[in-house]
Amino acid sequence: MSRPIANPDLPSPPSGKYPAKAHAKRVAQWIADNGGPKSGVIYLEGQTTRMTEDDDTATQFRQRRHFYYLTGCDLPDCSFAYDIAAEKSTLWIPPVDPEYVMWAGMPLLPKEAKDRYDIGYVHTTDELRAGGKSIAGLISTQQTVIMAIRDRADLALFHAEKLKKYEPKLDFDWARKGIEACRVVKDGHEIAMIRHANIVSSYAHEQILASVKRAKNERELNAVFVMHCHANGCKEQAYGCICASGTNASTLHYVHNDMPLEGRLNLLIDAGCEYECYCSDITRTFPLNGGFTKESREVYELVLQMQTECMGMIKAGVKWEDVHFKAHTVAAEGLRSLGILSKDLSTEEILASKVTTRFFPHGLGHYLGMDTHDVGGNANYDDPDEMFKYLRVRGTLPANSVITNEPGIYFRKFPLEQELADGKWREVIDEAVLERYWNVGGVRIEDDIWVKEGGCENLTTVKSGPEYIEAAVNNG
């Protein structure tokens, strides 16, 4: 009998209601603590149903993450308000539409939504749009500041006849700032969601390793990953899979995923699923024939060393720029040891030249949560320093944040070949040695790291040691 696609041995997903009330209270407290209004209403609208152009079917629904953070609600066409002073949360969901019922069955009713979500009160949106008592009651007894997100709120709603007498003041800054700051630090439920997404994604990565020798094309391995995620309860992908064989792996966000595997050395796959809106983000690189070449293994072990040494630095309070610089330092020393970079230069001279940005051009990692590149990183893409320009997180890491640790070494012919032809890097790069490494393409190893006081925990469970990688490919 054939083995079922779903794995019954995987741990069960986390249980319990999403802690929406605690999130709303925390955001309100952050706003008050940082100079914002101490009373008023935080108002958000969820994502609306969108129709496919020139078709009568809806596009794939993706809930607005700020809305989900305060509600845990994954329904379209909803609204939410939080009365700060009363600590009262209200959710409005679509009313029953007979035509909808004919095509899709009964929607969630207010009582059912009240039971499912961590919300104080649930009404229907027809009452809200009429300027009904629900919204009026929230703003009639307090300072009428309504904190919303510009372009994501129905402003006409707050100028309806029943609300005009309250003269609500609209603010478009505090809600976004408060939510984005609070989303950086995860609570236990959020960590459990990210952990589960990692467990399922790690299992799917293991199934790719077991399938490599039967695959002929990049898209087949992409399909293996998606199939095993979906079969094990994670229908949505956190981002578009990167399934890059051979020199395709030198393209950081490779999108084609359709090239034949024959004649190529390695495959880099960057893929992660979502669980209940929370993401995983994992990258593995492995030899397609089950055995690293000398050059591929040298680069792989260098990237693993970069990741390992950075992992030892990750803890609450560490400055992320320092961890990123450590990755470049290890890269400089490793490329120098391999002879790709001149052994006549010191590590300090190599780093000062910025040549490592040609081999490791991206940032070491980014925050992870409801978005793959999660909010709150305070990136500075205008930084004139090439080494930090693409670093998506700046400053110190707080406890209970989740960050990716994803160093890489890439052999990108553009623009490096032209720069070498123009005489740049003449005293830094040994072109004869570099020539042996072009076919390696690129190596990246990426895990998702829970930042703690005094250390960290790796939430990614698929192994990355070179011996394991080769054995997994060979043993299927």
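This is a predicted model: local features need pLDDT of at least 70, side-chain atom pairs count only at pLDDT 80 or more; totals for chains, interfaces and linings use all residues.
Asparagine 34 lies in the loop that runs between helix H1 (20-33) and strand S1 (41-45). The C-alpha atom of asparagine 34 is separated by 53 Å from that of glutamate 295, a residue 261 positions apart from it along the chain.

Helix H1 packs against helix H8 (residues 174-184) at an angle of about 115°, the two axes being 9 Å apart. H1 is therefore roughly perpendicular to H8, and the crossing of the two helices is right-handed. On the H1 side the contact is formed by Arg26, Val27, Trp30 and Ile31, while H8 contributes Trp174, Ala175, Lys177, Gly178, Ile179, Ala181 and Cys182. Of the residues in this contact, 8 are nonpolar, 1 is polar and 2 are charged.

Threonine 71 belongs to helix H2 (residues 65-71). Its relative accessible area is 1%, and threonine 71 is therefore counted as buried, the limit being under 20%. The side chain of threonine 71 reaches two backbone atoms, namely the oxygen of phenylalanine 67 at 2.8 Å and the nitrogen of cysteine 73 at 3.0 Å. When residues up to four places away in sequence are left out, threonine 71 touches Tyr18, Ala20, Phe80, Leu91, Tyr117 and Ile119.

Key. Residues are numbered from 1 along each chain as its sequence is written. Side-chain values use heavy atoms; hydrogens and water are left out. Helices (H or I, at least four residues) and strands (E, at least two) are DSSP runs, numbered from the N terminus. Axes are lines fitted to C-alpha atoms, for helices over the stretch in contact, and angles run from 0 to 180 degrees between N-to-C directions. Angles under 35 degrees count as roughly parallel, over 145 as roughly antiparallel, 65 to 115 as roughly perpendicular and the rest as oblique. A crossing is left-handed if the near helix is turned anticlockwise from the far one by less than a right angle, and right-handed if clockwise. Contact means heavy atoms within 4.5 Å. Ala, Val, Leu, Ile, Met, Phe, Trp, Tyr, Cys and Pro count as nonpolar, Asp, Glu, Lys and Arg as charged, and the others, Gly among them, as polar. Buried means under 20% relative accessible area, exposed over 50%, partly exposed in between (1.4 Å probe, protein chains only). A polar contact is a pair of N or O atoms within 3.5 Å; within protein, one must be able to donate a hydrogen and the other to accept it, and residues adjacent in sequence count only if both atoms are side-chain atoms.
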